[in-house]
Amino acid sequence: MHSRLVITATDLARPAHAAAFLALLDHYARDPMGGGEGLSVYAKANLLRELQALPTFHGALAFLDDEAVGLINCFAGFSTFAARPLLNIHDIVTRAEWRGQGIGQALLQWAEGRARQLGCCKLTLEVLSNNRQAMASYERAGFAPYVLDPAAGNALLLQKYLEEA
């Protein structure tokens, strides 16, 4: 890890953080593991405002000197089985040229610290099954597939898109 790496909570009201946030998220969206298309015009125009109004949003940016090189976006949820909050890691990205340098691990450590501050019982995340580099990183950070009973198998993430009204 770099001695000049700084992880700081995202403050979308700060123009430098807002610009870095959108650039990094667009970088991730353009990656094949992020869909390969970049952020939509709608997302670019509305995302900052929507996230600022969302009290469950917790995020951080990774900077090497003044260069934004990574981000993590998390959202607070709730575990009914544990009767405690949880923190879901929705996005984590390191700029392609900086991958493998410990930035992702530092962002995951930030999320774990935030989850502990919030009194969460666990961290959750989703990952594409063929993203082997990310899977290895998550395993190094202590993540494992979600299993209640091995006979029932691993949990799967499903989705259903909803048309706009």
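Tutor: Buried means under 20% relative accessible area, exposed over 50%, and partly exposed in between, with a 1.4 Å probe and protein chains only. The model is predicted, so local features need pLDDT of at least 70 and side-chain atom pairs count only at pLDDT 80 or more, while totals for chains, interfaces and linings use all residues. Residues are numbered from 1 along each chain as its sequence is written, and side-chain values use heavy atoms, with hydrogens and water left out.

Student: Why is alanine 83 called exposed?

Tutor: Alanine 83 has a relative accessible area of 53%. Exposed means over 50%, and therefore alanine 83 is classed as exposed.

Student: What is the phi of alanine 83, and where does this residue lie?

Tutor: Its phi is near 55°, a positive value in a residue other than glycine. Alanine 83 lies in the loop between S3 and S4. Most residues other than glycine have a negative phi. Aspartate 65 likewise is not a glycine and has a positive phi of about 55°; its place is in the loop between S2 and S3.

Student: What makes S1 and S5 the edge strands?

Tutor: Strands are DSSP runs of E with at least two residues, and helices are runs of H or I with at least four, numbered from the N terminus. Two strands pair if DSSP finds at least two bridges between them. The open sheet has five strands in the order S1-S2-S3-S4-S5, with mixed pairing. Strand S1 (5-9) and strand S5 (123-125) each pair on one side only, and are the edge strands.

Student: How do you know that S1 and S2 pair?

Tutor: Strand S2 (residues 57-64) and S1 are joined over five bridges in the antiparallel sense.

Student: What makes a set of residues a nonpolar core?

Tutor: A nonpolar core is a set of buried Ala, Val, Leu, Ile, Met, Phe, Trp, Tyr and Cys residues joined through side-chain atoms within 4.5 Å. The largest such core has 23 residues, and Ile72, Ile89 and Ile103 have the most contacts inside it. Two or more residues come from each of S2, S3, S4, H3 and helix H4 (132-140). H3 gives the most, with seven residues. A second, separate core of 18 residues includes Phe21, Leu24, Ala43 and Leu71.
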